[in-house]
Structures are given as C-alpha cells and as structure tokens.
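Me: Hi! I'm new to this one, could you walk me through it?

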Amino acid sequence: MAATVQRPSRLSTRRRSEAIMAWVFSAPAITLLIVFLLVPFLMAIGLSFTDQRLIPNPNLPTQFIGFRNFVRMMKDEAFLRGLLNNFYFVLVVVPVQTSLALLLATLVNKKLKGMNVFRTIYFSPVVTTMVVVAIIWTFLYNPGEGLINEFIHIISFGRLGPYNWLQDTKLVFPAIMLLSIWQGVGFQMVIYLAGLQEIPEPLYEAASVDGANRLQQFFYVTLPQLRNTTIFVVLATTILAFKLFTQVEVMTKGGPQNASMTTVVHVVHQGWGQLKVGYASAISIVFFLIVLGVSLLQRCFLREERMVE
Amino acid sequence: MMTTTTPHGIAYRLRKGIRLGLTYLAMSLLAIFFLFPIVFMLVSSFKNNETQVLIDMSTLYAFVPRGELGLQNYADVFAQLDFGQLMINSVLIVGVTVFGGLVINSMMAYALARLRFRGRDLLLGVVVALIIIPFEAVAIPLLLVVNRLPWLGGATTWLDTYHVQIIPFIADAFSIFLFYQFFINLPKDLEEAAFVDGAGVFRIFWNIVLPLSRPVFATVAILQFITHWGDFLWPLMVTRGPGVRPLMIGMQQFFGLDPKIWGDIMAFASMITVPVLIIFLLFQKWFVQSVASTGIKG
C-alpha cells in the first residue's frame, strides 16, 4: 500500500528529471544548429534586402534597398547563365545518371562470380574526392593530345577532334557533366541496389509463371517496385545539380565567358570574391527556394504513394 | 525440337554461355570506364621523367608503367610544400567533426526518440525541416558570423583557424534524423528494465543503447567522412595561410602553379586518394550499407 501511495510523486520527479535530461542531451546540437544554420539562414533573408558588404565601409553605411538585389539579378547575365546551366545540368545528368545507376545496380545484383569486385570498382570514384577528380579530368581533357581527344580521334576514324574541351564555350559544360556522372553514379547505384534487394522474389516467380520474359519482368515488376527509390534518386540528383561548385571552381572558375557558370559559383564569386554579401544573399535565397521546391515535390510524390497503399 | 530447350540441351547451354559472356563483357567495359582515370593517375605519378608523362598521355602507354620509374614526383611534392602538415590538418578537422557529430547528434536523437518532454514533437519537426537548408545557401552569411565571433585568448575572429572548419559542421540535422530512425526501432525492453532498476538516462544511453547501435554510428561516421573529407567551398573561404588549410585547398593551389608539372600533380593526387581507397576497401561492406541507408527514408 505504502508503495502505491508513494508512486505518483516518485514518478513525477522522475518525469521532471527526464525532461531536464532531454534538454541536456539536446542542448549542444540545438545551440550549434541555431548559431551556425538557423541564424545565418535568417540573416540571408534579411541581408538580401540590403547592400551589406563583407568588410563594411565606414563611409557607406549598409542600407535597406528593398527588392533592388532581386531586380538586379534579372539583368545579371552571369546569374542567368548560371541558373540556366543548372537546369541544363539537371536535364542531361539526371536522366543519364539515373538510368546508368539502375543499369549498374541490375548488373551487380546478378548472382554471378566476381560481382563484389565490380561493385567495388563502380563505387571507387565516389570515394575519390571531387577536387582530385576535377584535376585528373583536366589532364584527360588536355587540348590537342589529351587522352579523350585521342580516343575520339580513333573511334571516329580520324574524322573528329581535336577539341579544346575546357576553353570551348559549347563543350565546357558537357565536359563537366561527364566527370560529374563518372564520380556520382556509384552512390546512386548502391541506393538502387538496396531497392532491388528489397523486391520480394515471389513477384518474379509469379511473373515468370505468367509467361513474362526478362524485359517484361523488368518493366512490370522491377520498375514499379523501385518507384520510391527512383523518386529519391531523381530528386537527390537534382538538388546536387543545383549545388554544383567544386569541379567548376577547380577546372574553369565558371569560364570561358560564363559558359560553365553555376548559381553557387556565382554566389561565392559575388559574396566572397567581390565582398557583395547582400547581393550574394539574395542569390542564395533564390537558390534555396529552388531546392525547397524540389524537396517539397519529393515529399508530395512520396505521400501520394502512401495514400495509394 | 523440344530436347534443345531443356536445361541440359546444347543450344540452351550455348545460349546461356553467350549471355553470361556478354554480361561479363559489358561489366568489364564499364569497369574500364570507372577505373581508367584512377589508374592513369597512379601510373603517371611513378614516371620520374615529365616528358615521358607528356609523351604517353595520349596513348595506351598512359596506363603502362614504362620509362624511368620511381618516387621522384613524390619527393618533389614534399620538397615544394609541407604535405605532412596539410594531411594532419585534414585528418584533424575531419576527425574531430565526425567524432563530435557522433556524440552530440546521437544524444539529441536519443532525447527525441525516447525521452518525454514538452516541445518534443515541435523540435523533431524543426530538425526535419532543417535538413532541407543546403549549406551553400547559408555559406555567405555564415562567413559574416564567424568573421566576428570571439574565441579563447581574446581573438575577435574565427577566420584562419581549425575550429572555424570544425564547430559549424558538428551538429547535422540529417545525422540526427538517421540516429532518430534507428533509435525508435530499437526494442524498449532492456531500457525499461534498466529504468525500473533505477538507472539514470545517461547510464541507459551509454551502457544499453550505444552497444546496440553500432551500425547507425558506423553509417553516420562514414557519410560524414565522405562529405567532409572532400570539403572545398568553406575552407577556401575561411582560410588564408597554409597553416590550417586542408589537403583539398593545398591540392587546388598546387594545381594552380605554373608551369604545371603533371607528374608532381598526379603524385599529390595519389597521396590524397590512395589512403581513402584503402580505408574504403577495408570497410567496403559498411560503406555500401551506409550509402544504401540514405535512400531508405520517407
């Protein structure tokens, strides 16, 4: 009896101490997230309406300038070119990389000898850092006698090339796309591989009994079962495409004539290079809104899927 | 006719053999595509004579170790810059970032998953929402913040330090989310038993939850390592001197020197790449599982 009388008070003190511990456990992460993510994010919104500079000029105090940064963006050729390039990248890289990832995943998913070796090889560019990748490929793209020029020369029986890959305004961006696919596709392959391994075997057996051939099984069993994986891969690649920075900065710095400019390269050049923090913040906000849109699209698609189930 | 299509018929076996051969052929061609730049880098780095590198670069000889081979390029790199310092910087920065992240992100995730307190659902919602904000969108204002933060010993800016490259990246919303998903799926029995025995929250977390959670710790550690080892944008903006710079910035600067000595550049690139490739080969299974887990959400 005594124990049951005592219990409520003992429980409530325990519950209070549990709440205190919860905040103790969360405090470090919350503090860091606020100072280094939330505050800068809110600052970006605020700064985008000002002409703030990185090192304030005492003679020219920072002013609120309304939407002038956003108006200026519409006439900024480098910005427009960068945004256009990001969409161009999405349009080419997303379908190519996604299909290649699925192809690789189906290949390494076969129960054959040596699959582990192939899987390791296809994944190894992912653990090769982008700076290194960009530098190796700069050498491969060497104008004149680079390996890529030579390869194209041979397979076209001497009819094509040599090209000046990184100095040609038409070729520079496709050249960057190729190495980005080379470096990133292994990551997507592994995500697809995980998806493939979750498809229940009886589905294939049933399809096989119904007389479906391998191709039909792929289109009517594999692809529909991979719907969520594909949505994730497509949208994650899209977001990565909008973050494009390192390889461009190392190889071309956005040139020649902004031909390989991207939104993030422009943000860094404006904000860090030219110290125009206000303007760079405004571009960052536009960049964030695009990424937000893509993320919401993803949640929307996935929710729809759940409701169907 | 029927006999040829039975599993033991010659035609059937022939067709199966051809299909198998074609599969291996396709996979080998793809393997060449993914390996050739890495092999090219390694082979070139051992060619002592720079003219040999340039002569070979447009033919299949690019992949053949020939001519005078040795470690001259590696020696050149060490003679030109303090490679050891850059390596120490990178290992220190990434090591502390990943380790600190494991501690504080798992603790917050545990609180969200198991402890009852007011505001928990709201906090969880905020963390999930924060995953969407890309670092690139806050980089410039963050530069403004760290430029004016004080530090021990009276420093008034964080620029050009180790901690400016570490502290902003320790807390990570996506890591918290991965930990949270793992913790809510753990069976509660053991924790409840320990609770009845009077164990405190910290003891339960340390003695019971941690030993059960090795897979998720490995996953988060590997994903954070892959992300931060290659970090380029932020160290480029916040460091000036070679003292605290990581390898990637050193690599880019070395690459920017003219005239370009490709043998040396490839030696530098190999020294960055090979250790990570070896770690990857040793823990391959874990790497693949971690990456796979990023796709399993929603």
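Here is a short chat about the model, chain by chain and then residue by residue.

Me: What should I know before I start reading?

Reply: This is a predicted model, where local features need pLDDT of at least 70, side-chain atom pairs count only at pLDDT 80 or more, and totals for chains, interfaces and linings use all residues. Residues are numbered from 1 along each chain as its sequence is written, while chains are lettered from A and ligands numbered from 1 in the order in which they are written.

Me: What ipTM and pTM does the predictor give the complex?

Reply: The ipTM is 0.87 and the pTM is 0.88.

Me: And where in chain B is confidence lowest, and where highest?

Reply: Helix 1 of chain B (residues 2-5) is lowest, with a mean of 48, and helix 5 of chain B (residues 83-114) is highest, at 95. That is pLDDT, the predictor's confidence in each residue, from 0 to 100. For chain B the mean is 88, and 96% of its residues reach 70 or more.

Me: How should low values be read?

Reply: Where pLDDT is low, the predicted coordinates should not be read in detail.

Me: OK, chain A. How many helices and strands?

Reply: Chain A has 13 helices and 0 strands. Helices (H or I, at least four residues) and strands (E, at least two) are DSSP runs, numbered from the N terminus.

Me: Is chain A compact or spread out?

Reply: Chain A is more spread out than a compact globule, because its radius of gyration is 26 Å, well over the 19 Å that the globule rule gives for 309 residues. The radius is taken over C-alpha atoms, and the rule is 2.2 Å times the number of residues to the power 0.38. Along its principal axes, the C-alpha trace of chain A spans about 95 × 80 × 35 Å.

Me: How many residues do the chains bring to their contact?

Reply: Chain A brings 73 residues and chain B brings 71. Two residues are in contact if their C-beta atoms, placed from the backbone, lie within 7 Å.

Me: Switching topic: what domains does chain B have?

Reply: Chain B is divided into domain 1 (2-70) and domain 2 (77-295), with bounds from an automatic or database domain assignment. The C-alpha centres of these two domains of chain B are 36 Å apart. Between them, 7 residues of domain 1 of chain B are in contact with 7 residues of domain 2 of chain B.

Me: Let's zoom in. Is A:A280 buried or exposed?

Reply: A:A280 is buried, with 29 other C-beta atoms within 10 Å. The cut-offs are 20 or more such atoms within 10 Å for buried, 12 or fewer for exposed, and partly exposed in between, with C-beta atoms placed from the backbone. A:A280 sits in helix 13 of chain A (residues 277-308).

Me: What does A:A280 touch?

Reply: Not counting residues up to four places away in sequence, A:A280 touches A:V267, A:Q270, A:G271 and B:I140.
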